[in-house]
Amino acid sequence: MKRFLPFLCCLLFLAGCTAPSADAEPAQVQFFSMDTVMSIRVYNEGGEDAIQAARQEVERLDKLLSRTNPDSQISLLNSHAGDGTLISLDAEVADLLSFAKSVSQLLPGCFDITIAPVMDAWGFTKEERHVPSAEALADAMSLVNSEALIVDEASSSARLEQAGMEVDLGAVAKGFAAGRADAVLREYGVTSALLDLGGNVTAIGSKLDGSAWQVAVKDPQNTSEALCVLSLEDQTASTSGGYERYFEENGQTYHHIIDPKTGYPADSGLLSVTVISSDHMLADALSTTLFVAGPEEALDFWRSRDDFELVLCTEDNRVIVTEGLEAGYRPAGEDRGYTYEIARR
Ligand code: ADP
Ligand code: MG
C-alpha cells in the first residue's frame, strides 16, 4: 500500500501519461494567479495556443476581481462603500456578484462575500495572522451583510451601502475562472484537458483513450495522500478545507474559512468538503458554503438539489460520498483510519 499511495497522489499527472501513444504527452503550463498555484494541461495535439489563451483569461479575471489589486473593479466598488455612488461594472462582474448574493440565500448564515473586513481582522489578507480582539472582531462583523451589496444586473452596476464594507471574492473567483478557462479551451477545439486552479480541479472531456479522468481528493489530515479517487468527465471537483490556509496561536489552529454567524473559523465538524458539479462556479461557491454548514445541513441541501455531488470528510474520520459518485469513486484511506459510507437521497 505504501508504494501505491504516492501513485494515487500523482494521479492527476499520471492520468495523461497512461494514455496510449507517445504523442499523448500534454502541453502544460504552471503559473501563479489568484493567490495560488495553477496548472493547465491539454492532451489534444497542438494545445499550446489554447493553453496560453486560457491562462491569459484567468490572469485577466484576477486583475478584474482581486481585492488586493487597487485597479480592479472590486477595489473600485469597495473604495466607494457608503458614499452612494453606483459603480459601473463589466457585465460578467455584476453577474458574479449577483450569483454570490444568491448563494448567501441558499443556506442563510453560511456564505457571504462581504466577509472581507473579518478576513482583515484575522490578518489573513496581509499575512499578519492573529486572533483579533473582541472589539476589533465586533467592528468587522458589523460590516458583514451581503444584503447591503446592491447589484443591478440590467445596468451592470453595484454599490455597497455602508462605509467600511468590502467584497472579497476568494470563495468564488477560482470557480468562475475555471468556467471561463474551460470555455476558452473549447473554443480552441480542446476535448481533453485538466485544469487545477488551486483546489478546483476541472476535467474537460475524457482521456484520449475515451476513459474518464481519475482525480484524487486530498486527505485533509495528510495532504500528500489521497482520501479517494474520483472519475470525472466535464466536471469540476472543488475542495474547501481548514488545512489550506491557517495559523496557530496558543496551541489552537485557526483557518481561513469564516463562519459569518460568529466571525470565527467555521467549526462544523468537517475537515473538508469536495463538491462535484458540471457548474464550476457553483462547485466553488458551495464547497465553501457547505464547509461552514456542516455535514447534516450539507446532506439535506444535497437532497434538495440534483446539480452536484459531495465528498465530505468529518472530524471523526468518516468519509461520506453521495450516491451519484458511487460507481466512479475509489476509497484510498482505510489504512489511515477512515471509514467510507454512501449517502442516499
Ligand atoms: P480556497 O480559496 O482556499 O480554495 P474557498 O474556496 O473555500 O477556499 O474560499 C475561501 C476564501 O473565501 C477565503 O480566503 C476568504 O477570502 C473567503 N471566505 C471565507 N469565509 C467565507 C464565507 N463564509 N463566505 C464567503 N467567502 C468566504
Ligand atoms: Mg470556494
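# Briefing: ligand shell, nonpolar cores and selected residues

Leucine 299 is buried, with a relative accessibility of 11%; buried denotes under 20% relative accessible area, exposed over 50%, and partly exposed the range in between (1.4 Å probe, protein chains only). The model is predicted: local features require pLDDT of at least 70 and side-chain atom pairs count only at pLDDT 80 or more, while totals for chains, interfaces and linings use all residues, and side-chain values use heavy atoms, with hydrogens and water left out. Residues are numbered from 1 along each chain as its sequence is written, and chains are lettered from A and ligands numbered from 1 in the order in which they are written.

**Ligand 1**

- Ligand 1 is surrounded by 17 residues, a residue being near a molecule if one of its heavy atoms lies within 4 Å of it.
- The closest of these residues are Lys174, Ser240, His256, Ile258 and Thr288.
- The shell comprises eight nonpolar, five polar and four charged residues; Ala, Val, Leu, Ile, Met, Phe, Trp, Tyr, Cys and Pro count as nonpolar, Asp, Glu, Lys and Arg as charged, and the others, Gly among them, as polar.
- The side chain of histidine 256 places an N or O atom 2.8 Å from an oxygen atom of the ligand, which falls under the heading of polar contacts (pairs of N or O atoms within 3.5 Å; within protein, one must be able to donate a hydrogen and the other to accept it, and residues adjacent in sequence count only if both atoms are side-chain atoms).
- The side chain of aspartate 284 has an N or O atom 3.2 Å from a ligand oxygen atom.
- A backbone N or O atom of alanine 171 lies 3.2 Å from an oxygen atom of ligand 1.
- Ligand 1 taken alone exposes 570 Å², of which the protein buries 93%; accessible areas come from the Shrake-Rupley method with a 1.4 Å probe, and for residues only the protein chains shown count as cover.

**Nonpolar cores**

- The largest nonpolar core holds 75 residues, and Leu97, Leu169, Leu185, Leu290 and Leu310 have the most contacts inside it; such a core is a set of buried Ala, Val, Leu, Ile, Met, Phe, Trp, Tyr and Cys residues joined through side-chain atoms within 4.5 Å.
- Helix α9 (residues 280-293) supplies the largest share of this core, nine residues; helices (H or I, at least four residues) and strands (E, at least two) are DSSP runs numbered from the N terminus.
- Another core, of 21 residues, lies apart from the largest one and includes Trp213, Val215, Leu232 and Val321.
- Leucine 185 is in contact (heavy atoms within 4.5 Å) with Ile40, Val42, Ala50, Ile51, Ala54, Val190, Ala193, Leu195 and Ile204, leaving aside neighbours within four places in sequence.

**Helix α9**

- Alanine 285 is found in helix α9 and is buried, because its relative accessible area is 0%.
- Beyond four places in sequence, alanine 285 contacts Phe99, Val103, Phe111, Ala171 and Val172.
- Alanine 285 and phenylalanine 111 are 174 residues apart in sequence, with their C-alpha atoms 8.2 Å apart.
- Methionine 281 also belongs to helix α9 and is buried at a relative accessible area of 18%.

- Leucine 299 sits in helix α10 (residues 295-303).
- Its contacts, apart from neighbours within four places in sequence, are Leu310, Leu312, Ile320, Thr322 and Ala343.
- The C-alpha atoms of leucine 299 and arginine 344 are separated by 9.1 Å, with the two residues 45 apart along the chain.
- Phenylalanine 308 occupies the loop between α10 and β14 (309-314) and counts as buried at 2% relative accessibility.
- Residues up to four places away aside, phenylalanine 308 touches Val275, Ile276, Ser277, Leu286, Leu290, Phe301, Trp302 and Arg345.

**Loops with positive phi**

- Most residues other than glycine have a negative phi.
- Serine 156, not a glycine, has a positive phi of about 50°; it lies in the loop between β4 (149-152) and β5 (157-160) and is buried at 14%.
- Asparagine 250, not a glycine, has a positive phi of about 45°; it lies in the loop between β11 (246-249) and β12 (252-255) and is exposed at 78%.
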